[in-house]
Amino acid sequence: MNWIGDAVLATPAIRAIRRAYPDARLSLLVKPWVSDIFKGNPDVDEIILYDERFKGIAGKLKLARELRKKRFDAAILLQNAFDAALIAWLAGIPERIGYDRDLRGFFLTKAIPVTKEILSQHQVYYYLDLLKSTGIEAKEAHPYIFLTEDERQWAKNIVRANGPSPLPQSPYPNPRLLVGINPGATYGSAKRWMPERFAEVIRRTIDELNGNVIIFGSAAERGIADEIIGKLGTFDPEHGTNILNMAGKTTLRELAALIAECDAFITNDSGPMHMASALFVPVVAIFGSTNKTATGPFGEGHKIITKDLPCSPCMERECPEKHLDCMSAITSDEVFDALRETLPLHKAVFLDKDGTLIEDKNYLNNFDDLVVFPDAKASMKKLKDAGFRLIGITNQSGIARGIVGEKFLIESNAFLQKELGIDDFYYCPHHPDEHCPCRKPELMLLLKARSRHRVNLKKSYVIGDKELDVLLAHKTGATGILLSPEKPEATTAAYVAGSLTEAVNWILQREQIDYS
């Protein structure tokens, strides 16, 4: 792996390899500057840095000797690089799988032909199709970056310390809209929208949406960030109090944690764009010279702005026509309108299932044992009448254990949606030992729901009978309510309720306070 975006888009393929070979040792060979994308990823056992020690022919031979000592059984070459195939061959790895391109077919034991169909789809599927040729099928295609609780808390502290003070009665660190701006792009100037246009969008975000802005970028892109801030000064010097300039001030992990705090992310086609989509932050992506189909932000809830010009996409670093019309034709009005269309609008209550809405029967697997709590229907109606979306999120490891049928689970979820007025249900079918990104308290399911239903997490709640439910709330900025007959000694919950009715009444009483 050489590019940040490529590393992010490879995470579903890595997850699929792990699912196919749960007991194997899985190592990644990556360039140092992308290695942090995989930090904390439970699917990876080892990261091998392809660093300065391995430059040149002598370096490649040295690396091959080191890889040979590890006695790998197979090398799966997701990237197209000639080097990757050569090194795997020199290392004597017996099975070498990759696409047959860049003159490297000779070094592969299984060279997969590259068809027009493969090239016409998103890069995530480009990697997954390579695995499919070996019999590995992926059930989950969405990229994901694992962040620790400490990393998320660090980002929350940065936002709290640098943004406007919270309202006196507000339970949130910063309840105001937070928009990330990424005006750079490592590949070249043909991928960069103009600084003055970014400045116009920032001004309107502050003035019309009462928002705050974080500007991101590498150390080499500080000048772009400074130019944007300079342009803003021509509008109103006071805008600076709503802007946090983090260009050149973050590590890759810190960048990811801060992006995760944003309500939306405006960006050129870049590595941070893919990081934002992997963190399920709604993206407004500006595309000029590159292919939106192959490398656009992955998933729901994003907006891509591009112009259909005869010369675009040219895939060049610099504009070969010397006019950059593909970027200059995109107006600040278009980008700002797209931002408004991606912003989270709705408040929601996320609900655990067993022990929260229905009696916990320890791996419920038939309708005869399904007992809805007596107060569930009236409680859900109160929340719906108060304007909340209702979304179920449940861990169902019984499926992986062979105790619960997935067909029954889907049918029981549909029954509860109809009976209780729940808008949507998400479930994790995996065993805890799989360490998947969708099992609570990991965030994938909740963030998927946010993208699909445009949920404002800062104004939302999570109700559940386990600490992992309220930890889910704590990680995302939502408010967690623990259902428990007794108050535990330690909890991240904002409130401990003895029943679902009590939890709902507490929410409704709290909602009488205006936090906007």
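Visitor: Is C262 buried or exposed?
Guide: Let's start with the words: buried means under 20% relative accessible area, exposed over 50%, and partly exposed in between, using a 1.4 Å probe and protein chains only. The relative accessibility of C262 is 1%, so C262 counts as buried.

Visitor: How confident is the predictor in what we see?
Guide: This is a predicted model, where local features need pLDDT of at least 70, side-chain atom pairs count only at pLDDT 80 or more, and totals for chains, interfaces and linings use all residues. Residues are numbered from 1 along each chain as its sequence is written, and side-chain values use heavy atoms, with hydrogens and water left out. The score pLDDT is the predictor's confidence in each residue, from 0 to 100. Here 90% of the residues score at least 70, and the protein averages a pLDDT of 90.

Visitor: How many disulfides does a search of the whole structure find?
Guide: The search uses the sulfur cut-off I just gave you, and it covers the whole structure. The number of disulfides found is zero.

Visitor: Which residue's side chain makes a polar contact with the side chain of K60?
Guide: K60 sits in helix α3, residues 56-69 (helices, H or I of at least four residues, and strands, E of at least two, are DSSP runs numbered from the N terminus). A polar contact is a pair of N or O atoms within 3.5 Å; within protein, one must be able to donate a hydrogen and the other to accept it, and residues adjacent in sequence count only if both atoms are side-chain atoms. K60 is buried, with a relative accessible area of 13%. At 3.4 Å, the partner side chain belongs to D83.

Visitor: What separates the C-alpha atoms of G464 and L483?
Guide: G464 lies in strand β15, residues 461-464, and is buried at 0% relative accessibility. Beyond four places in sequence, its contacts (heavy atoms within 4.5 Å) include L483. The two residues are 19 apart along the chain, yet their C-alpha atoms are separated by 5.8 Å.

Technical notes. Disulfide = S-S within 2.5 Å.
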